[in-house]
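Here is a quick tour for someone who would rather look at the fold than read a table. Keep the viewer open and click along as you go.

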Amino acid sequence: MSVIETLMDVPADYEKIVAGHLDSNIKKIEKTLHVTIISRDSSLKIIGNDSAARRAKNIIAKLIESAKNGEEITEQKVDYAIALSMEDKEEVIVELDREIICRTINGKPVKPKTLGQKSYVDNIRDKMIVFGIGPAGTGKTYLAMAMAITALRNNEVNKIILTRPAIEAGENLGFLPGDLQSKVDPYLRPLYDALYQIMGAESFMTNSEKGIIEVAPLAYMRGRTLDNAFIILDEAQNTTPAQMKMFLTRIGFGSKVIVTGDRTQKDLPRDVTSGLDVAIKVLKDVDDISFIYLDNKDVVRHPLVQKIVKAYEEYDEKNKLKSKDGKRGKK
């Protein structure tokens, strides 16, 4: 395959933003696509085979557009742009930049950052019940929280209810100090953190006192009917089948439900089946319920988290294959 050289202009105001600290973004593109990129007077010379040079040029062009839109060019964004380029979908990067769900208390836009996250957000808009299933760092809870706060602000619902099972992970709640609320608060802390970041602690406290926002353990949902509410069940992999059925049958008119969970991080006893696993089998063909599966490509935390998730996925896959081979050998 012949080697070519291609030139592209880079606006001076965005050159350093796109290149990254010590040209880290450029070096990543070079290493991944096996090209050489030389910076000269607000322009870049890209040297490589025809396909690789074209991909590199398209990636940098889309990153420049993102920078012009005020987006931070993170390592995760560069990694995802490279991954999309392999599927000839570089234009998606700019499309994702345009969709803002809401803004945090500091004015930072909350938006889907991957195709998987966009599908998740679109389904939350369109469906009554959405299951967001995937590993840590894929934005399942945070995006659901942003959609809930947006729905409340737009008067689409009257209240937000956030819940998760207070499952014990190696510690017995009865031996922890304090009253019941102080014992369950640590389990609900991730929900509080997201609320504080998006709407601010003062606004949360005001709405909480009025009963407009409720954060409670899953056990508190029993016996209630929840009308005109945006309800989020977090850490659903730690529910039992009975708890999941109880929760899903609380839904009233005008409500929307988001169930999030990571099937690889269960804290249930070994002999207890996850309510999330059962729900996937039982409800897969029910209208107005959708299941969105996120994976390591949708991780938007530190890039190392993405590598950890991918390594565990590969490890689990190898173990499954070994288990199947072992069963065949016994036969």
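What volume does the second largest pocket have? It comes to about 520 Å³. Bear in mind throughout that this is a predicted model.

## The second largest pocket

The second largest pocket is lined by 20 residues. If you want to find its centre, Pro 135, Asp 262, Thr 264, Glu 313 and Asp 316 are the ones that lie nearest to it.

Helix H12 (residues 303-330) gives the largest share of the lining of this pocket, with eight residues. By type, the lining divides into nine nonpolar, four polar and seven charged residues.

Now to the strands. Start with E9 (residues 229-233): five of its five residues are buried, so the strand is largely enclosed by the rest of the structure. Ala 229, Ile 231 and Leu 233 point one way from E9, Phe 230 and Ile 232 point the other way, and all of them are buried. Strand E7 (residues 159-164) pairs with E9 in the parallel sense over five bridges, and Ile 160 sits opposite Phe 230 of E9. E9 also pairs with strand E10 (residues 256-261), again in the parallel sense, over four bridges. There, Phe 230 stands opposite Lys 256 of E10. To get from E9 to E10 the chain passes through helix H10 (residues 241-248), and this β-α-β crossover is right-handed.

Strand E8 (residues 213-217) also has five of its five residues buried, so it too is largely enclosed by the rest of the structure. Ile 213, Val 215 and Pro 217 point one way from E8, with Glu 214 and Ala 216 pointing the other way, and all are buried. Note that a glutamate is in that list: Glu 214 is buried. E8 runs parallel to E7, and five bridges join the two. Arg 164 stands opposite Pro 217 in E8.

## Aromatic pairs

The count of aromatic pairs comes to four. One of them is Phe 131 with Phe 291, a stacked pair at 4.6 Å centre to centre with 20° between the planes. Phe 131 belongs to strand E6 (residues 129-133) and Phe 291 to strand E11 (residues 289-293), so the pair ties together parts that are 160 residues apart in sequence. Phe 131 counts as buried because its relative accessibility is 0%. Phe 291, at 16% relative accessibility, counts as buried too.

Tyr 192 and Tyr 196 make another pair: their ring centres are 6.3 Å apart and their planes are at 25°, so they count as stacked. Both are in helix H8 (residues 180-199), and because they are four residues apart, about one helical turn separates them. Tyr 192 is buried, with a relative accessible area of 11%, while Tyr 196 is partly exposed at 29%.

Is helix H4 (residues 75-85) mostly covered or mostly uncovered? It is mostly covered, with eight of its eleven residues buried. Those buried residues are Gln 76, Lys 77, Val 78, Tyr 80, Ala 81, Ile 82, Leu 84 and Ser 85.

Ser 85 also makes a handy reference point for Arg 54: the two are 31 residues apart in sequence and 9.7 Å apart in space, C-alpha to C-alpha. Arg 54 is in helix H3 (residues 50-68) and is partly exposed, with a relative accessible area of 39%.

## Two positive phi angles

Which loop holds Leu 22? Look between helix H1 (12-19) and helix H2 (24-33). Leu 22 is not a glycine, yet its phi is positive, at about 55°. With 63% relative accessibility, Leu 22 counts as exposed.

Asp 88 also has a positive phi of about 55° without being a glycine. You'll find Asp 88 in the loop between H4 and helix H5 (92-98), and it is partly exposed, with a relative accessible area of 46%.

Technical notes
Residues are numbered from 1 along each chain as its sequence is written. This is a predicted model: local features need pLDDT of at least 70, side-chain atom pairs count only at pLDDT 80 or more; totals for chains, interfaces and linings use all residues. Side-chain values use heavy atoms; hydrogens and water are left out. Buried means under 20% relative accessible area, exposed over 50%, partly exposed in between (1.4 Å probe, protein chains only). Two strands pair if DSSP finds at least two bridges between them. A crossover is right-handed if, with the strands pointing away from the viewer, the path from the first strand over the helix to the second runs clockwise. Rings of Phe, Tyr and Trp (its six-membered ring) pair if their centres lie within 6.5 Å; planes under 30 degrees apart count as stacked, over 60 as edge-to-face and the rest as tilted. On a 1 Å grid over the protein atoms alone, a cavity is a set of points where a 1.4 Å probe fits but cannot get out, and a pocket is an open set with protein on both sides within 12 Å along at least five of seven lines; lining residues have an atom within 4 Å of a point. Grid points are joined across faces, edges and corners, and a volume is the space filled by probe spheres set on the points. Ala, Val, Leu, Ile, Met, Phe, Trp, Tyr, Cys and Pro count as nonpolar, Asp, Glu, Lys and Arg as charged, and the others, Gly among them, as polar.
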